[in-house]
Every structure is written in C-alpha cells, then in structure tokens.
Amino acid sequence: MVDKKIKKRVKELREEIRKHEYKYYVLDNPEISDYEYDQLMKKLEELEEKHPELKTEDSPTQRVGGEPRDEFKKVEHSTQVLSLDNAFGKEELKDFDDRIKRNLSTDNYEYIVEHKIDGLSAILRYEDSTLDIGATRGNGLVGEDVTHNLKTINSIPLKLRKENIDLQLRGEVFIKKEDFKELNKKREEEEKNLFANPRNAAAGSIRQLDPRVAAERPLSFIAYDLVEFEDSQKEINSHLQALEFLKELGFNINWYQKCNDIKEVIEICEKWVKKREEIDFEIDGMVIKINQLSLREKLGSTSKNPRWAIAYKFPAQQKTTKVKDIEVTVGRTGALTPNAVLEPVFLDGSTVSRATLHNEDEVKRKDVRINDTVLVQKAGDVIPEVVKVIKEKRTGNEIEFEMPDKCPVCGEEVYREEDEAVTRCTNISCPAQRKESILHFVSRDAMDIDGVGPSLINQLLNNDLIEDYADLYYLNKDDLIELERMAEKSSKNVIEAIEASKDRELNRLIYALGIRHVGSNASRILTKNYHSIEKLKSADKDELVKIDEIGPVMADSIVNFFKSEHNLKVLKKLRDANVKLKKAKSKKEKPQHLKEKSFVFTGALERYTRKEASDLVRTYGGEVKSSVSSKTSYLVVGDNPGSKYEQAQDLDVKILDENDFVELLEGGN
Ligand code: AMP
Ligand code: ZN
C-alpha cells in the first residue's frame, strides 16, 4: 500500500501541473516560469517512477506513452463527420442565406463566423472527463485512432477541468507559422526533407505510428464544435454556449464573431481576406455557422454537408512576376516538364521561384515566353502555376519556348505519343529517371528515409554505388564516408535511416515502388485488399478493377509493373535485403462476440475505470456510445448513476449491473 500522503501529493501535483498547462497553452497567461513547471513535472515523474501503481493514463506525465503501434486501428464515428459546402464570393453567401431563410421560414436566426483553420480535423471523445479516443476524420464514417499522437499535444487536455463529463468534440490540429519556420529550419540543418506547408507537416505528424515523432513537432489544437454532450445539470442551446463551455473545460477556442444577418457576415469575411496575414496560423477561409442548435436540427443535412454551415473560401493569392527562363526537368517516368524560373515572389506564406507549366501544349495555350511578365498562384496545395501572361507588358524581347528533341539529362531521343500531352525520354536507363525514382522511394509518404536527398543520390549514382532504390539496402558506412559532405556520423545516420525503413507499412512500400498512376491513397486501398507484395503481384486486371477506386488505367499499370523483368529483379533485391513485403499481422485475435452491440455507461464501476471497461467492450467487437438512444443495446450501471439510467428505462434499453456486464464480457471464452 502506498502511503496516503504520497497519494495525496501525486494528486496535488497533477492538479497543479494541469492548472499551469491550462494557463500556458489555453489562456496564454503563464503564472510560473518554464523552469518551475519542469521542476513540478520532474517531481511527479519521480513519484510515479517510485510508485508505479499510482500511474494513471490521464497523468500529465503520460503525454508520450507506450511503444510505437503496428498499425492504425479504425474508429467508427458515432456522428458522421460531414464536410462543409463551399462559398466563393459574396453572391454565394447570399444564396446560402436565402436557402436558410426559405427552409426556416423566418429570419430570426444568428450566425457565428469563425476562421477556417488550415490543418486537419480531429475528433476527440472524453469519457468520465478523461480523454478516451482521438481520431482522424477518415472518410467521415470511419477514421483512424491517433490517440497516441493527439495526447502529445499540450493544448489537448488529458483530463477535463470538470468532473463526470462524457462528450465528443471536434477541432483542428495545426502548426503555427512561426513554429513551422523553426521546424523547417531545424530540418534543413539536419538535412531532412522539408515540409511543403504547415498543414502537410501537421498531417504527417498525426499519421505516425510512433508518438515520439508527434511529440517533437510543435502541434497546436483549437476546438470548434461540440458534437455529443449530455448532462442533466447543464443545458447547451447555442454554439456560443458550446464554445464557452469548451473553454471552461480546458480547450483552446479561437476568435469568433456573432452576426445578425448575412450582410454583417459578408463584411467580416471580406475584411479577413486582407487581415489573414496578421494571424499567427494559416487560414484558408471563414466558416459560417447557425448559432441556435434547435435551428440546426431543423435544417438538418444533405448526404454530404450540414445545411446550417458553409465555408467561405478565400480567393487564391495571385502575384505578378517575371519569367527569367523556362527549364525542362525529367521525372521518374521519363516525362519532360517545362518549368518557369521566376523572379522570386512571396505567395501564401512562402517564397516562390519556380512554377510548373505542365507540358508543351500548356505552354502554347498560355503562350508563356521567356522574359514575360506573368500572374502566378498556388494551385491546390503547393505547386505554383502560371495563371496568365500580362501581354501588355511585352517589350519585344520575349523568347518563345520550344520543347527540346533530346532529353536534357541524358541526350537521348524524346518521344511524344499522338494522343498524349506528355513528351518522354526514351532511354530506360536515363539517370534522371533513376534519380527521380529513388527520390520518390525515399520521400516522406513513401519509405521516409531521412538524409538521402538529391545530392547524395547523385553521388551514389555517379560513383556506381547504386543503380536503383533496392541497392540502397546494400550500402555500408564505408561506401558513404568517401563521398562529399559525408563524415563518420552522417554516414552512420544515413545507414541507420535506411535500415529503419525496412519495417515500413506495406502501403508505403507499394507507393514507394513507383508504379505509374498509383498514388499514396491508391496504395492504401490496395493494401486493404492485398496483404503482401506477392499477392498484389498475382492479381489480374479483372480482379483489380473490381476494387472501388481502382480504374482500368491503374489496373493495367499495376499488372505491367509486375511483368517487367527489371522490376522483378529489384523486388528480389528488396526481399533479399529483408525489407518487409507484407502487412504487419495485427495482435492476436480476440473473440468478437460483442459485435454490433452498443454500450453506454453510467455511474462508477468497481472493477474497472470507465476507460478500461470501454476498451474491453471494443476488444470484443462492441461499440461504446456516450448517450442512450433507442438503438443502444445495453446500459451498464455502476454506483451513482446519472440521468442516462432513467432514459434507458424510458426507451426500454436493457440494463446491466456490473456482474451482468462481466458475465457478458466472459461470454466469449
Ligand atoms: P472541407 O474539408 O472543405 O470539407 O472543410 C471542412 C473542414 O474545415 C473540417 O474538416 C475542418 O478540418 C476544417 N475547419 C477548420 N476550421 C474550422 C471551423 N472553425 N469550423 C469547422 N471546420 C473547420
Ligand atoms: Zn533521359
């Protein structure tokens, strides 16, 4: 038995630390220095180390816990995560408002306007005031369990600031502009791949199996919606109340503004188009939501979007600049791409000095010439493109572009098929293709091998140390030390990074192979259907096209990939080097006798904490919900049950006491 005094001290320390985390991360108003905070944390760690029986999941020391996972578990969302309809410009906002008016037959409603934070959404579930599960949105119905990574974010409370609360909320995980700069600077110093933008960096961090990676990334969290919540003590009727309540519970909430009509909404949206630069994180628009929850319910949703909210998208930033040159690069499939080399301009948070011109036809269509003044913008995510040429600025010194008839890298013939827009180098051992396919192999969404960048790959190819990506696994430290800019330590790091990549998930490997048309999303889908490279290799076209989202072009490309002698040799080399070519087996299978049963808990159980009980239900295939409905299979009742008990009785839901519950759990054995 641990001394009562120590127990009490641990409890006090935790409360103290939580208070300071709240002051620091949420209120932005710290009361003690970082040093003092670290001391408190150290003290708590020491006590927990000495008395492991006092450790709890929601202790502030448990932000980075446990071993890396083998794979992501799926989480079924109890409330579907819909996406938001978009409005471009004020006319579309007015249309939105007209629809609302028509549907509600009144103009007695209010809007809340918020920033549309450019990160990724996370869905958090708290049970008994403790963080239970954090998930990604996934396809809206099923997301991925990323609790281990979300726990590392200091602005996500592991324990709420009020007792006895079950709820579900949504918010955005993101990286602040300044933190992003720092992060990339550090990565540059360590010769690691740079992130394209804060959103990619945030998303990449959350999609990691090892929580230590996320813990090192400067992630922030802002809560923006309360989704499920029930408490007889507290009634929430509006979004405003919900936001304020979330704040009381310990979440960071963001700026918001109440508006009485669409005119005010439009004014605010247009104001933020310019002011967006002033905020310390990136926003890509504004979100407009009906404030009254009863009206939201009345409006309901379509199969894709709620009818009570809309996202006002900011126009893409455009700037004019000069085309200094047009350079042709060769990609991993041998495709020649013309690129405009630009006078650098600052655009949507980064400096842009190149823009893609896609292909020969595109250059002709836009009539882009060297020395032209052009309008550029960022397309979709990251790749800047030329919108149009400002022809009035022409001086007569412009030079028209011509596609080269030889590969700019190897000098061999290039070839353009009649019905294709793309010109390709015909040389299968073109160094550009090799280099690009290796770069693709090591890239972040593929095998994610740090330290192997363009300059190292060039040297390895030029010194005949490798021919293809599989050869990376046969390098040793001495091969590398000889090379430029490589020393003992960096060589060792590179070899270790290569070694570590042997264990990557199967979907990454499939993507890394560089099969044409197979992107990282398709790789995930393929992994679901084929659990090893061997199985994928023996799939035929008919079988492949039956899979949702795999079309005939992709299927052909997959089949052809595995027909090539060259590719088979490369695969053999990967296998011989012990690169994992199979999906990781999930841990031993438990009986799934609670499948399709849903459980709700109320009151305290004796044998289990709420979290343990919920985990057990899920291990046996059941679902845990936070509120009772007519679809609930069982309500498990412990000591001091809440209002759910009466609701369950009203709805004729089967009620279990702790013993019944244990019996049901054991039913599968
Ligand atoms: P979309 O991806 O275009 O459907 O837009 C919906 C996404 O906007 C959500 O999944 C959130 O990730 C994101 N978002 C950012 N800020 C907010 C906000 N204040 N309210 C709701 N969603 C937001
Ligand atoms: Zn070539």
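A residue is called buried at under 20% relative accessible area, exposed at over 50%, and partly exposed in between, with a 1.4 Å probe and protein chains only. Ser-105 is exposed on this scale, because its relative accessible area is 65%. The structure is a predicted model, in which local features need pLDDT of at least 70, side-chain atom pairs count only at pLDDT 80 or more, and totals for chains, interfaces and linings use all residues. Residues are numbered from 1 along each chain as its sequence is written, chains are lettered from A and ligands numbered from 1 in the order in which they are written, and side-chain values use heavy atoms, with hydrogens and water left out.

**Backbone at two loop positions**

Ser-105 belongs to the loop between α3 (90-104) and β3 (111-117). Helices (H or I, at least four residues) and strands (E, at least two) are DSSP runs numbered from the N terminus. Although Ser-105 is not a glycine, its phi is positive, at about 50°. Asp-128, also not a glycine, has a positive phi of about 50°. The loop that holds Asp-128 runs between β4 (120-127) and β5 (130-136). With a relative accessible area of 29%, Asp-128 is partly exposed.

**Domains**

The domain bounds come from an automatic or database domain assignment. For the protein chain, this assignment gives domain 1 (4-55), domain 2 (86-313), domain 3 (318-415), domain 4 (431-503), domain 5 (506-576) and domain 6 (598-666). Taken over C-alpha atoms, the centres of domain 1 and domain 3 are separated by 56 Å.

Helix α2 (residues 34-50) has 17 residues and spans 24 Å from its first C-alpha to its last, close to the 24 Å expected at 1.5 Å a residue. The expected span is 1.5 Å times one less than the number of residues in the helix. Buried in α2 are Tyr-37, Leu-40, Met-41, Leu-44, Leu-47 and Glu-48. They lie on the same side of α2, because they cover an arc of only 125° around the axis. The arc is that of the directions from the helix axis to the C-beta atoms. An α-helix has 3.6 residues a turn, so residues three or four places apart point the same way. On the other side of α2, the exposed residues are Tyr-35, Glu-49 and Lys-50.

The cover over the buried residues of α2 includes α1. His-20 is placed in helix α1 (residues 4-26) and counts as buried at 5% relative accessibility. Apart from neighbours within four places in sequence, His-20 is in contact (heavy atoms within 4.5 Å) with Glu-31, Ile-32, Tyr-37 and Leu-40.

**Aromatic rings**

Rings of Phe, Tyr and Trp (its six-membered ring) pair if their centres lie within 6.5 Å; planes under 30 degrees apart count as stacked, over 60 as edge-to-face and the rest as tilted. By this rule there are 16 aromatic pairs. Two of them are set out below.

| Pair | Centre distance | Plane angle | Class |
|---|---|---|---|
| Phe-441 and Tyr-473 | 6.2 Å | 80° | edge-to-face |
| Phe-601 and Phe-661 | 5.5 Å | 90° | edge-to-face |

Phe-601 is buried at a relative accessible area of 2%, and Phe-661 is buried at 0%. Ring pairs join Phe-599, Phe-601, Tyr-608, Tyr-634 and Phe-661 into a cluster.

A charge sits over a ring if NZ of Lys or CZ of Arg is within 6 Å of the ring centre and within 35 degrees of the ring normal. Arg-161 lies over the face of Tyr-22, 3.9 Å from the ring centre. Lys-275 lies over the face of Trp-272 at 5.0 Å from the ring centre.

Lys-611 is in helix α22 (residues 610-619). Between Lys-611 and Tyr-126, the separation is 485 residues in sequence and 9.4 Å in space, C-alpha to C-alpha. Leaving aside neighbours within four places in sequence, Lys-611 contacts Glu-57, Leu-131 and Asp-132.

Ser-121 lies in strand β4 and is buried, at 16% relative accessibility. Beyond neighbours within four places in sequence, the contacts of Ser-121 include Ala-135, Gly-171 and Tyr-224.
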